[in-house]
Amino acid sequence: MKIVIMLGAPGAGKGTIASRINEKLPGTVHLSSGDLLRGAVKAGTVAGLEAKGYMDAGKLVPDTLIASMIEEYIGANGAIKLLILDGFPRTVPQAEMLDQALAKRGEKVDSVIKLNVPDALVLERLGGRRMCPACGAGYHVLTLPPQVEGVCDACQASLITRSDDNPETIANRLSVYHQQTVPLVDLYDEKGILCSINAAGELSLIVEDTVKALA
Ligand code: AP5
């Protein structure tokens, strides 16, 4: 299994880009730690109940909670060709837990794509983001609108605004990103597996740059 990490601020476009890579590189699986946690919250599992308070406040859930969910997923899906981890790891201890879990399987992180966007753009992107609660498709009211306002193109469900996409929680998420996730940039750069991409421009060009970086 080839393992790629998608690293970047909230709203950098990790989910949007990862979900488009599959069209270019068949056999790719996109695993979003946020989606995994939101699924657990919705299902009312023990992990979900523990995670909810942290997520609503824009804080990170405990390292061991999310690391064990990711390890369990990888253990159950060993046949995947290319796995894109979107949003995990996002602390140094999580990166160490991932390395240990992969080493047990004789695997390692192959590359890390760092999406660069200024904080001001994060606010614009998350302020206008709309999500499909049924199929998970993502939209933006200005830059990526659905064909019919408020309705998912793919499955016709009514679109929602994520509960953590409000100005106060976005500010907390950005601050947590700078404090706890940015240190991973140096860590992966020192390992020689980091590729930085300007993610502030045209979506199709960013997807192209990402695919080239993965080739
Ligand atoms: P998570 O769901 O991972 O949220 P996040 O990291 O804050 O990232 P987002 O999903 O908000 O942003 P994105 O980069 O995917 O942007 P998107 O592609 O949607 O995590 C949520 C919470 O779960 C965390 O706060 C934490 O509590 C918990 N959690 C998750 N992982 C954890 C972990 N490892 N450890 C601990 N806790 C964890 O794009 C945003 C918008 O911009 C969209 O509307 C999109 O259409 C638009 N857009 C994107 N790119 C472009 C472009 N190039 N041009 C125009 N518009 C664009």
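**The ligand, a pocket and one aspartate**

Helix 2 supplies the largest share of the shell around the ligand, with 4 residues. Please bear in mind that this is a predicted model.

Let me begin with that shell as a whole. It holds 34 residues, and those that come nearest to the ligand are Thr 16, Lys 59, Arg 90, Arg 129 and Arg 173. Sorted by class, the shell around the ligand contains 14 nonpolar, 11 polar and 9 charged residues. Which elements supply at least two residues each to this shell? They are helix 1, spanning 14-24, helix 2, spanning 33-43, helix 6, spanning 119-127, strand 6, spanning 138-140, and helix 9, spanning 203-214.

I turn now to individual atoms. An oxygen atom of the ligand lies 2.9 Å from a backbone N or O atom of Gly 15. For Ser 33, the side chain takes part: one of its N or O atoms is 2.7 Å from a nitrogen atom of the ligand. At Tyr 139, a backbone N or O atom is found 2.8 Å from an oxygen atom of the ligand. As for cover, the ligand on its own has 1,000 Å² of accessible area, and the protein covers 95% of this.

The next topic is the second largest pocket. Its space amounts to about 550 Å³. The lining consists of 19 residues, and nearest the centre of the pocket lie Arg 38, Gly 39, Lys 42, Ile 160 and Arg 162. Two or more lining residues come from each of helix 2 and helix 3, the latter covering 46-57. By class, the lining of the second largest pocket has 8 nonpolar, 4 polar and 7 charged residues.

Finally, I come to Asp 189, which is placed in helix 8, residues 183-190. Is Asp 189 buried, exposed or partly exposed? The relative accessible area of Asp 189 is 46%, and therefore this residue counts as partly exposed, since that class lies between the limits of 20% and 50%. Between Asp 189 and Val 112 there are 77 residues of separation in sequence, while their C-alpha atoms are 8.8 Å apart in space.

That concludes my presentation, and I thank you for your attention.

Methods:
Residues numbered from 1 in each chain as written. Predicted model: local features only at pLDDT ≥ 70, side-chain atom pairs only at ≥ 80, totals over all residues. Heavy atoms only, no water. Near = heavy atom within 4 Å. Polar contact = N/O pair within 3.5 Å; in protein donor to acceptor, adjacent residues only side chain to side chain. Areas by Shrake-Rupley, 256 points an atom, 1.4 Å probe, with all protein chains shown as cover. Nonpolar A, V, L, I, M, F, W, Y, C, P; charged D, E, K, R; others polar. 1 Å grid on protein atoms, 1.4 Å probe; cavity = no way out; pocket = protein on both sides within 12 Å on 5 of 7 lines; lining within 4 Å. Points joined across faces, edges and corners; volume = space filled by probe spheres on them. Buried < 20%, exposed > 50% of the residue type's maximum accessible area, 1.4 Å probe, protein only.
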